[in-house]
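Trainee: I would like to go through this model term by term. Please set each value against its rule.

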Amino acid sequence: MLTIIDDPAHITLQCHGVWTLPNLAAVAQNLELFKPLKPLRWDISQITELDSAGIALLQLYYRNFENQGVVSELVGTNGTHTKLYSLLYKHPHQDAPPVKIHSWLHNLGREGYENIQGVGKFLAFLGEAFVLLLYTLRYPGKIRYHSIMVHIYTTGITALPIIGISAFLIGVVIAFQSLVQLQKFGADIFIVDTIGISLTRELAPLITAIVVAGRSGSAFTAQIGAMKMTQEIDAMRTMGFDPFIFLVWPRVFALILVMPLLIFFADLIGIFGGMVVAKAQANLSFNEFLYRLKGALAIKHYVIGIVKGPFFAFLIAMASTYRGFQISLNTESIGHYTTVSVVNSIFLVIACDALFSVLLTELKL
Amino acid sequence: MSSQPIIQVQDVVTAFGDTIVHDHINCTIHEHEIYALLGGSGSGKSTLLREMILLQRPQSGTITVLGQNIATLSPEEAQNLRQKWGVLFQSGALFSSLTVGQNIELLYREYTDLPANLINELVKLKIDIVGLPAHARYLYPSQLSGGMVKRAALARALALDPKLLFLDEPTSGLDPFSARQFDTLIYQLRDLLGLTVVMVTHDLDTIHHIVDRFALLGEAKVVAEGSLEEVLAINHPLIEYFFQTTVQTSHQKEIHGIQS
């Protein structure tokens with residue numbers, strides 16, 4: 001492959017054999033470590049087979065050694081070598097400077113700026129959506145009832161099993177943790193109050209919203225993104241079908257209608273989970289539990305929990321459809337924006353819940 | 001031109017459900033030639049290409065690529081064979097999370113032990129031979145135009161110096177001028193690197209300019225195989241349809257009729 005012959009006057013690099021990509025690793029590693037101090041002679045007459053990798057190797061190290069100030073000459077070239085060389089290196093060697101990497105300060109500034117701009121864009125999106133909502137309200141025939149039904153089915157009915165299981169487990173967990181504390185005071189019966197109020201007012205709405213954001217929110221983003229990639233949205237626009245009327249509002253309405261029902265379902269299953277634990281751990285029969293619940297659970301807690309539903313639904317649906325429209329033509333952006341959409345939805349839900357807490361406490365509810 | 005077969009398709013049958021796509025078809029691709037698979041939509045030319053590159057299996061028949069029957073390869077043999085060919089997909093299929101340079105580099109990093117310097121040199125070289133500007137290596141596929149994506153994908157297909165190059169509709173989606181440039185590029189690379197090129201194409205200009213031999217697929221059969229002169233000498237409605245030897249004149253009559 002490569003023999004280094006050290007003569008008094010110069011060093012000869014005797015290249016021989018097959019110089020193709022699979023066979024070059026050893027030669028290249030040799031030359032990488034080689035530090036010539038005398039003039040070099042590359043003898044390539046013994047090379048039996050040469051491909052573009054072989055040419056690149058010769059060219060690279062020939063150039064490198066010359067740049068180090070070593071006088072080099074190439075001997076033993078034949079017609080095939082020169083032809084291959086002149087075709088491969090048509091243009092003079094040039095290095096493109098790598099893309100500049102910005103400092104963290106620059107990136108921080110840009111991220112911040114883009115986030116602030118993002119809020120503006122989201123508001124613009126909401127604005128456009130509401131303008132088109134008012135427009136559709138003037139022409140109720142344009143409302144996509146069928147589409148709303150389809151989304152009610154996919155976001156509501158098919159979500160029941162996962163929401164049921166999550167709510168049941170939350171009920172079980174809360175009951176277990178509370179009982180341990182309550183039993184210290186012999187106040188076992190207060191498990192009913194704890195479960196009833198905490199689930200209906202806070203936990204059931206929150207758990208439902210989180211499951212819906214992960215399940216339906218991400219689906220909304222991916223669906224709209226895929227439609228954007230295949231230019232279906234452009235096609236709709238050119239035919240005069242507005243994507244807000246056809247895609248956004250049906251999803252938002254469906255979710256607004258479905259969310260309170262899902263929360264109600266989660267309330268029932270969650271309380272049932274608590275009842276099971278209360279019976280097992282505190283010997284509280286189902287009848288006693290329900291009798292106590294009637295007195296302990298004021299209707300307002302339940303209503304507050306249900307009322308949160310449409311707000312959460314609106315935020316989830318809007319944030320996820322908005323992210324769907326941001327997906328661009330490369331495949332990576334689908335994954336990126338779907339993640340962003342779920343993160344945004346859950347954050348908005350929690351922020352909205354906090355706002356509710358403050359507001360309702362101030363109102364003494 | 002030597003006549004040693006590089007790819008031999010014998011008695012291949014392919015069916016999707018009840019639809020027969022290939023009904024006992026045969027064709028032979030020789031070393032150093034530019035060979036095209038031609039046919040209308042749904043004639044199974046892309047399917048045949050996918051069968052040659054181990055993405056799909058025919059129901060029966062044998063396909064021999066570089067002297068190996070691809071139906072009976074062990075996983076290692078298949079892996080070795082895959083390193084001997086390069087494939088250019090219709091939409092480029094560049095990995096969108098990597099830059100053009102990284103797309104090419106990946107193959108060297110996975111399959112060779114070359115030092116970083118040499119890999120860098122090779123990446124630059126490949127980008128240059130396909131006619132991309134040097135800074136293109138730092139761009140992501142989403143930042144490239146259609147023609148540049150095809151060139152970048154070709155650079156990736158050529159990374160491991162394959163002897164065999166498969167192209168799936170290389171000129172589709174390019175403007176006529178870029179398409180001819182791309183043809184010339186493939187023609188030069190064939191001579192330069194001693195490649196054998198197999199392509200699926202609809203582009204009659206490509207057939208006229210650079211293709212040595214081709215197979216015309218239709219009605220689940222190979223209707224004709226050979227050079228352009230050989231195929232045009234055969235009398236078959238599909239050949240007439242494709243090359244518009246008679247249809248064109250009737251079209252012209254229609255148009256003249258409308259005009260007058």
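**Values against rules**

Trainee: Why is A:Asp6 called exposed?

Mentor: A:Asp6 has 55% relative accessibility, so A:Asp6 counts as exposed. The rule is this: buried is under 20% relative accessible area, exposed is over 50%, and partly exposed is in between, with a 1.4 Å probe and protein chains only.

Trainee: What ground rules apply here?

Mentor: This is a predicted model, where local features need pLDDT of at least 70, side-chain atom pairs count only at pLDDT 80 or more, and totals for chains, interfaces and linings use all residues. Residues are numbered from 1 along each chain as its sequence is written, chains are lettered from A and ligands numbered from 1 in the order in which they are written, and side-chain values use heavy atoms, leaving out hydrogens and water.

Trainee: What makes A:Asp6 and A:Lys38 a salt bridge?

Mentor: A salt bridge needs a side-chain nitrogen of Lys or Arg within 4 Å of a carboxyl oxygen of Asp or Glu. The side chains of A:Asp6 and A:Lys38 meet at 2.7 Å, N to O. A:Asp6 lies in strand β1 (residues 2-6) of chain A and A:Lys38 in the loop between α1 (25-33) and β3 (40-50) of chain A, so the pair ties together parts 32 residues apart in sequence. Helices (H or I, at least four residues) and strands (E, at least two) are DSSP runs, numbered from the N terminus.

Trainee: Is A:Lys38 buried, exposed or partly exposed?

Mentor: A:Lys38 has 27% relative accessibility, so A:Lys38 counts as partly exposed.

Trainee: Why are B:Arg213 and B:Glu33 called buried?

Mentor: B:Arg213 has 17% relative accessibility, so it counts as buried. B:Glu33 has 2%, so B:Glu33 counts as buried too.

Trainee: How far apart are the closest N and O atoms of B:Asp183 and B:Arg180?

Mentor: They are 3.0 Å apart, and the pair forms a salt bridge. B:Asp183 and B:Arg180 are 3 residues apart in helix α6 (residues 176-193) of chain B, so about one helical turn separates them. B:Asp183 is buried, with a relative accessible area of 2%. Shared partners join B:Arg180, B:Asp183, B:Asp203 and B:Asp205 into one salt-bridge network.

Trainee: How do you know that the span of helix α2 (residues 52-67) of chain A agrees with its 16 residues?

Mentor: The expected span is 1.5 Å times one less than the number of residues. For these 16 residues that should be 22 Å, and the end C-alpha atoms are 22 Å apart, so the two agree.

Trainee: What makes α2(A) mostly covered?

Mentor: In α2(A), 12 of its 16 residues are buried. Among them are A:Ile55, A:Leu58, A:Tyr61 and A:Phe65.

Trainee: What lies at the two ends of α2(A)?

Mentor: At the start, a side-chain oxygen of A:Asp51 reaches to within 3.1 Å of the backbone nitrogen of A:Ala53. A:Gly69 follows the helix, with a positive phi near 90°.

Trainee: What is the phi of B:Ala93?

Mentor: B:Ala93 has a positive phi of about 55°, although it is not a glycine. Most residues other than glycine have a negative phi. B:Ala93 is found in the loop between β6 (85-88) and α3 (100-111) of chain B. With a relative accessible area of 32%, B:Ala93 is partly exposed.

Trainee: Is B:Ala220 buried or exposed?

Mentor: B:Ala220 is buried, because its relative accessible area is 18%. Its phi is also positive, near 65°. B:Ala220 lies in the loop between β9 (213-218) and β10 (221-226) of chain B.

Trainee: Why is A:Val307 called partly exposed?

Mentor: A:Val307 has 38% relative accessibility, so it counts as partly exposed. A:Val307 has its place in helix α11 (residues 299-326) of chain A.

Notes. A polar contact is a pair of N or O atoms within 3.5 Å; within protein, one must be able to donate a hydrogen and the other to accept it, and residues adjacent in sequence count only if both atoms are side-chain atoms.
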